[in-house]
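Reader: Hi! Could you walk me through this one, starting with how the strands pair?

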Amino acid sequence: MPSLPRFVLVLSLILGVPALASAADDKTPDPTSSEPAPAPGAKKKRMLEKGMEADTVELLYGKPAEIKPMETPDATTKAEQWIYRRKVSEKTIQTADTQSTIPTFGRADAGGVSIVDVPIVTYRLKHLTTYQVTALLMVNGRLEVAKQWQEVDSAYVN
């Protein structure tokens with residue numbers, strides 16, 4: 001049984017990213033798991049583990065999209081934040097942009113015909129892209145902490 005709490009493992013499955021593990025990979029299948037057992041000889045993608053070497057992380061998950069150097073109180077300590085971005089979804093939605101009025105013929109309260117202002121809504125298309133962002137804190141070439149969140153980029157379509 002993995003040493004991580006079950007909710008962390010389930011959350012990592014829902015998000016589609018490996019969970020941060022503190023122990024070595026467990027070779028025994030979990031009888032309560034809803035996932036099928038891996039086929040014999042199939043490669044299992046390793047989870048991120050605290051203390052994992054930078055070369056191993058890069059080999060397993062590729063080069064980060066961005067590397068940000070960080071200040072440390074000790075000059076001998078080298079800290080970096082590695083940022084990975086994975087596109088989760090893309091969609092275009094219709095949004096209300098502005099409201100204006102136009103004059104048109106209408107009925108007056110007294111029963112006659114008069115000109116009234118009618119509100120008109122103008123719509124624009126908006127393109128939304130959702131990314132899963134993973135940030136890894138690498139200290140002296142080793143993984144210390146991992147954090148994940150989602151970001152949404154939006155832009156109006158011309």
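Author: Happy to. Strand 3 (residues 66–70) and strand 4 (residues 79–107) run antiparallel and are joined by five bridges. This is a predicted model, where local features need pLDDT of at least 70 and side-chain atom pairs count only at pLDDT 80 or more, while totals for chains, interfaces and linings use all residues. Residues are numbered from 1 along each chain as its sequence is written, and side-chain values use heavy atoms, with hydrogens and water left out.

Reader: Thanks! What counts as a strand and as a pair here?

Author: Strands are DSSP runs of E with at least two residues, helices are runs of H or I with at least four, and both are numbered from the N terminus. Two strands pair if DSSP finds at least two bridges between them.

Reader: Which residue in strand 4 is the bridge partner of Lys-68?

Author: Gln-81 is the partner of Lys-68. Glu-80, in turn, has Met-138 of strand 5 as its bridge partner.

Reader: How many bridges join strand 4 and strand 5?

Author: There are 27, in the antiparallel sense, with strand 5 covering residues 113–139. Ser-100 stands opposite Ile-120 of strand 5.

Reader: And what order do the strands take in the sheet?

Author: The order is 3-4-5-6, an open sheet of four strands with antiparallel pairing. From one strand to the next, the twist averages 30 degrees.

Reader: Which strands does helix 2 touch?

Author: Helix 2 (residues 54–61) packs on the sheet and touches strand 4 and strand 5; contact means heavy atoms within 4.5 Å. Its direction makes about 50 degrees with that of strand 4. Axes are lines fitted to C-alpha atoms, for helices over the stretch in contact, and angles run from 0 to 180 degrees between N-to-C directions.

Reader: New topic: which charges lie over the face of a ring?

Author: Arg-85 lies over Tyr-131, at 4.2 Å from the ring centre, and Arg-124 over Tyr-156, at 4.1 Å. The test asks for NZ of Lys or CZ of Arg within 6 Å of the ring centre and within 35 degrees of the ring normal.

Reader: Last one: what share of the chain is buried?

Author: Of the 158 residues in the protein chain, 20% are buried, meaning under 20% relative accessible area with a 1.4 Å probe, protein chains only.

Methods. Buried means under 20% relative accessible area, exposed over 50%, partly exposed in between (1.4 Å probe, protein chains only).
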